[in-house]
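I open this notebook to record what I looked up in one structure. The entries follow the order in which I consulted it.

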Amino acid sequence: MSGQSKDLSSYISTKIYQYELQTALYMLEPWEKALFNTLLLSILALSFMTMYQYTPVLFSKLLP
């Protein structure tokens, strides 16, 4: 069991490291990383909520 949790922990830390490298977050300070991630998650959450709310309205107008 401990081997699986170590593998999972290693996998997650690798993915976090890749995310930081691809978005250039590795060179920011921790508070800047937190601010960027908060803004990104807020934008994504608002986008999904908008799609969820307005997709039925759009389809009802497109399909009579």
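Predicted model: local features only at pLDDT ≥ 70, side-chain atom pairs only at ≥ 80, totals over all residues.

**Entry 1. The nonpolar patch**

Residues are numbered from 1 along each chain as its sequence is written, and side-chain values use heavy atoms, with hydrogens and water left out.

The patch lies on the surface and consists of Tyr 17, Leu 21, Tyr 26, Met 27, Leu 28, Phe 36, Leu 40, Leu 41, Leu 44, Phe 48 and Met 51. Together these residues have about 1100 Å² of accessible area. Its largest share, six residues, comes from α2. A patch takes residues with over 30% relative accessible area and no salt bridge; like charges are joined within 9 Å, and nonpolar side chains (Val, Leu, Ile, Met, Phe, Trp, Tyr) within 5 Å. Areas come from the Shrake-Rupley method with a 1.4 Å probe, and for residues only the protein chains shown count as cover.

I looked up Met 51, which lies in helix α2. Met 51 is partly exposed because its relative accessible area is 46%; buried means under 20%, exposed over 50%, and partly exposed in between (1.4 Å probe, protein chains only). Leu 21 is found in helix α1 and also counts as partly exposed, because its relative accessibility is 40%. From Leu 21 to Gly 3 I read 27 Å, C-alpha to C-alpha, for a separation of 18 residues in sequence.

**Entry 2. Overall form**

I count two helices and zero strands in the protein. Its radius of gyration is 19 Å, whereas a compact globule of 64 residues would have one near 11 Å. That radius is taken over C-alpha atoms, and the globule rule is 2.2 Å times the number of residues to the power 0.38. Along the principal axes, the C-alpha atoms fill a box of roughly 55 × 35 × 15 Å. Of the 64 residues, 3% count as buried. The protein exposes about 5900 Å², of which carbon and sulfur atoms supply 70%.

**Entry 3. The loop between the helices**

Ala 24 sits in the loop between α1 and α2. I note its positive phi of about 60 degrees, although Ala 24 is not a glycine. Ala 24 counts as partly exposed because its relative accessibility is 27%.

Is Leu 25, in contrast, buried or exposed? Leu 25 is buried, because its relative accessible area is 2%. Leu 25 lies in the loop between α1 and α2.

**Entry 4. Charges**

How many salt bridges does the structure hold? I find one, given the rule that a side-chain nitrogen of Lys or Arg must be within 4 Å of a carboxyl oxygen of Asp or Glu. In this salt bridge the side chains of Glu 20 and Lys 33 meet at 3.4 Å, N to O. The pair links distant parts of the chain, with Glu 20 in helix α1 and Lys 33 in helix α2, 13 residues apart.

Lys 6 is found in helix α1 and is exposed, because its relative accessible area is 62%. The C-alpha atoms of Lys 6 and Phe 36 are separated by 29 Å, at 30 residues apart along the chain.

Methods:
Helix = DSSP H or I, 4+ residues; strand = E, 2+ residues; numbered from the N terminus.
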